[in-house]
Amino acid sequence: MDEARPLVELTGTTVRFGATVALDHVDFRMFPGEVHSLMGENGAGKSTLIKALTGALTPDAGTLILDGEARAFHGPHDAQEAGISTVYQEIDLLPNLSIAENILLGREPRRLGMIDGRAMRERARVILHDLGLDLDPAAPLGTHSLAVQQLVAIARAISRDLKVLVLDEPTSSLDLDEVAELFRVIRDLKERGVAILFVSHFLDQVYEICDRITVLRDGALVGEYLTTELLRIDLVQKMLGREASFFKARERVEEAIGSEVAFLSARDLSSGAGIVGANVDVAEGEVLGLAGLLGSGRTELARALTGVDRPDAGIIRIEGEAHALDTPRQALSLGVVYSSENRRSEGLVGDMSIAENIALALQAQRGALRPLSATKVRELATSWVEALDIRPADVDVPVRNLSGGNQQKVMLARLLAISPRFIVLDEPTRGIDVGAKVEIQNLVGEMADNGLSVVFISAELEEVLRVGDRVAILRDGHIVETVASADVDVDSLMALVARPDLPEA
């Protein structure tokens, strides 16, 4: 890397939103042919800095220098024309159009005043081939996986004179093979001299792919570090501004759990969503982790256990008694609840306040004819805000204004308010910063210590092992093996998850 001259540099960047200083004289730089990570807790200023870099907002102070020249962008289009492109976590392409049309949208080749479809597809084919992608340019984008759509978005970016590529949480919904393919493309772009900003909450991926890390905290620059010279524990402490609150150890439930002692037991559970003959036992006060590759059936099993999806076959017993959990209301009446992985569409109501969101499940349990009073709602919310340290503590704040970690706490508060006995947490720490992640993990342990049975789902195997007493491994809708967390480490669990020849349990 050429240490003498950054490809892009922000100096003295300051952004204010009213009385709030989102960025306070922050310096940031990226060099040609490097992968750079921007790290910090939610609210540290990462998104604001990215918006300043990509033209989405104009800083109140500071200078942006690109390729040795001071620039002022008046919008994302200006930044794209200058060679700075962004691929967002939620793909902003058009799935109803072809791959070629998405790559060259707005810059289609023309002949006699009309779009030349053949030339457009050929040009797109060359761009895709240049990235090592064997895709049909004429195929509708929507027929492909999210991983392929992200690669098409990158292809669109390099179809211009790309200098800087910003990848916003690009791996949050990808399986291991898809992550490997994305990293191959990133390394290829790196060799071409492109500067890549890789934004992710997955520390293992940051350390695998990134050359340099910049840490922000409370809108201020903490420092810039070479990845090879910064230990993970030191990174976490720099992000938090204090010693990391490590996961609280607790006495684990390690023995094999049979249906005769399980709080919830499922036998031969199958559903049209892809679950095939699953057997599950969860004891009172136990955390059972679910591990498996994307598409293995983790979420489908969670929904079948909690009445969200009706099973086609199988028996669910609660404390030895068979029950039909055909709807969430039936499950709720038995103390069985589900926290969806999709906070936005299946969890929180963004325009409602913290208090209103926390009271939703309790109100649903009581029914429309027994409305909670405004005083009761406020008392309920205030007690849970204090108990879970939800910030801000103002229960009237719309929940959409909260960070991801605090939104997750609101979801947990809503479910805990109805005193459940069995809770399924589907990706409860996805997309939240490391400090909030540890808080959620500790909270899960406290829930189990208080006798709550928990099923914990996460794509991060290290987290599954840290939180779970036992881990059930899924593949193609089957539970193929269940192991005690104490008997495996991350590498051996990964081998079990990825191995295709496990016998069905």
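Author: The second largest pocket has a volume of about 420 Å³. The model is predicted. The lining of this pocket counts 18 residues. Closest to the centre are Pro328, Leu332, Val337, Tyr338 and Leu415. By class, the lining holds 11 nonpolar, 4 polar and 3 charged residues.

Which elements supply the lining of the second largest pocket? At least two residues each come from α10 (328-333), β18 (336-339), α12 (354-366) and α14 (404-416). Strand β18 gives the most, with 4 residues.

Next, Ser340. Its place is in the loop between β18 and α11 (343-346). Is Ser340 buried or exposed? Ser340 is buried, because its relative accessible area is 4% and the cut-off for buried is under 20%.

The side chain of Ser340 has two partners to look at here. One is the backbone nitrogen of Asn342, reached at 3.0 Å. The other is the side chain of Glu346, joined to that of Ser340 by a polar contact of 2.7 Å. Set aside the neighbours within four places in sequence, and Ser340 is in contact with Glu346, Met411 and Asp426.

Now the aromatic rings. A pair of aromatic rings is described by the distance of the centres and the angle of the planes. How many aromatic pairs are there? The count comes to 2.

Take Phe183 and Phe198. Their ring centres are 5.9 Å apart and their planes stand at 75°, so this pair is edge-to-face; the cut-off for that class is over 60 degrees. Phe183 sits in helix α6 (residues 176-191) and Phe198 in strand β10 (residues 195-199), so the pair ties together parts that are 15 residues apart in sequence. Phe183 and Phe198 are both buried.

Then come Phe263 and Phe422. This aromatic pair is stacked, with 6.5 Å centre to centre and 25° between the planes. The cut-off for stacked is under 30 degrees. What does the pair tie together? Phe263 belongs to strand β13 (residues 262-271) and Phe422 to strand β19 (residues 422-426), so the pair links parts that are 159 residues apart in sequence. Phe263 is buried, and Phe422 is buried too.

Notes
Residues numbered from 1 in each chain as written. Predicted model: local features only at pLDDT ≥ 70, side-chain atom pairs only at ≥ 80, totals over all residues. Heavy atoms only, no water. Phe/Tyr/Trp six-rings, centres within 6.5 Å; stacked < 30°, edge-to-face > 60°. Buried < 20%, exposed > 50% of the residue type's maximum accessible area, 1.4 Å probe, protein only. 1 Å grid on protein atoms, 1.4 Å probe; cavity = no way out; pocket = protein on both sides within 12 Å on 5 of 7 lines; lining within 4 Å. Points joined across faces, edges and corners; volume = space filled by probe spheres on them. Nonpolar A, V, L, I, M, F, W, Y, C, P; charged D, E, K, R; others polar. Polar contact = N/O pair within 3.5 Å; in protein donor to acceptor, adjacent residues only side chain to side chain. Contact = heavy atoms within 4.5 Å.
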